[in-house]
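Hi,

Here is the structure I promised to pass on. Have a look at it first, and then read my notes on its pockets below.

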Amino acid sequence: MNDTILNPHYAELAESYLFSTIARKIAEYRSAHPGAEIIKLGIGDVTTPLVPAVIDAMHRAVDEMGERSTFRGYGPEQGYEFLREAVARGEYAPRSVEISPDEVFISDGSKCDVANFQELFSASVRVAVPDPVYPVYLDSNLMAGRKVEFLPALAENGFQVELPKSPVDVIYLCSPNNPTGTVLTRETLEKFVNYALKNGSVILFDAAYSAYIRDEKLVHSIYEIPGARECAVEFRSFSKTAGFTGVRCAVTVVPKELETLRKMWLRRQSTKFNGVSYVVQRAAEAVYSETGWAQIKSVIDGYMANAAAIRAGLAQCGYTVYGGEHAPYIWWKLPGEEKSFDFFDRLLKSCEVVGTPGSGFGACGEGYFRLTAFGEAAATRRALERIAARLK
Ligand code: MLT
């Protein structure tokens, strides 16, 4: 093969995706230490089984697929109406946000949606990405050959993202933020919405962790901000809300005020994506039943108890920590000058605990380390005991 036929922009990416690098490092350690009891608080993957209401709905849907009269083949491209209605009712109506089912798109994951959405913009758009943040926004734009401006979010200003210094067309925001676990204030979001309206920019708002916000007064959806319907697309996920990381289902909202984008997204999805299975969409619908939501809340409470334990455990050891109050991530400030990837190795070696190096989320993440609250409670406690006893 002639290498000149390849997309040259892949050469601008880090050698491997952040969580693939972490998985490789764990595998290497495991093969060198076969008996190791490694506690993984790295990738934000859930550990609690699906709740009974979801399992019951899945079973019923599986039975329907086994009967000629209720069997389904290809589903509607945008997702079944029953789920799009349930999302509008269950995610948005309780916050007094009016979203119509036509504005809701069902997919197999927010990672794919947030990575694919940039295809709708021209190759020359100017893109801004918070730093630190979920690496998919940057990587997907680098792959498309775009230059990206970073918007620092620093401890000094409560990890509130700063406005772009030069004009940008597309702005990614993530709140509660992955990795800092902090929430953007109403004031910050108003600033961004006003900026976008003034400059004709689009905000791509990743709200994958909104179900973890404990304070009702905090903003859960960008559409709580006046004017956002004219400039923002929102992404939500059943992965973290309802433990669907292995089941796959997510939501993207494109409001009618952005009708050209909405039509383009439908065109893109109907061309390149075949939808989420009927069984999974019925399972997702059950999340919004009264019983389902109560069961899910108690799973989230369990993860947030882990988050509180991690915060308290690290603070007791004298460390500074952020996040973990409205999000399942704890952002640990490393003392001294140690690089976060070196700390990853040291923590693994001394405690057999895995986390995620802050620099994997951007240059401003250097000197920090992310722990997830998605582990099992007992394992999380053991990890903290090891850190207290062995990490020097
Ligand atoms: C993370 O650990 O940052 C997330 O689990 C990654 C993802 O949701 O794709």
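This is a predicted model: local features need pLDDT of at least 70, side-chain atom pairs count only at pLDDT 80 or more; totals for chains, interfaces and linings use all residues.

Let's start with the largest pocket, which holds about 470 Å³ of space. It has 25 lining residues, and those closest to its centre are Ala14, Ser16, Leu18, Ser359 and Gly360. Helix H1 (18-32), strand E3 (127-131) and helix H5 (136-143) are the elements that each give two or more residues to this lining. Which domains does the lining draw on? Domain 1 (3-50 + 292-390) and domain 2 (55-288) each supply at least three residues. Sorted by type, the lining of the largest pocket has 15 nonpolar, 5 polar and 5 charged residues.

Now for the second largest pocket, with a volume of about 390 Å³. Here 22 residues form the lining, and Gly44, Lys111, Tyr134, Tyr209 and Lys240 lie nearest the centre. Two or more residues come from each of helix H4 (110-116) and helix H7 (238-242). By type, the lining of the second largest pocket splits into 9 nonpolar, 7 polar and 6 charged residues.

And where does the second largest pocket lie relative to domain 1 and domain 2? Both domain 1 (3-50 + 292-390) and domain 2 (55-288) give residues to its lining, so the second largest pocket lies between them.

Cheers

Technical notes. Residues are numbered from 1 along each chain as its sequence is written. Side-chain values use heavy atoms; hydrogens and water are left out. On a 1 Å grid over the protein atoms alone, a cavity is a set of points where a 1.4 Å probe fits but cannot get out, and a pocket is an open set with protein on both sides within 12 Å along at least five of seven lines; lining residues have an atom within 4 Å of a point. Grid points are joined across faces, edges and corners, and a volume is the space filled by probe spheres set on the points. Helices (H or I, at least four residues) and strands (E, at least two) are DSSP runs, numbered from the N terminus. Ala, Val, Leu, Ile, Met, Phe, Trp, Tyr, Cys and Pro count as nonpolar, Asp, Glu, Lys and Arg as charged, and the others, Gly among them, as polar. Domain bounds come from an automatic or database domain assignment.
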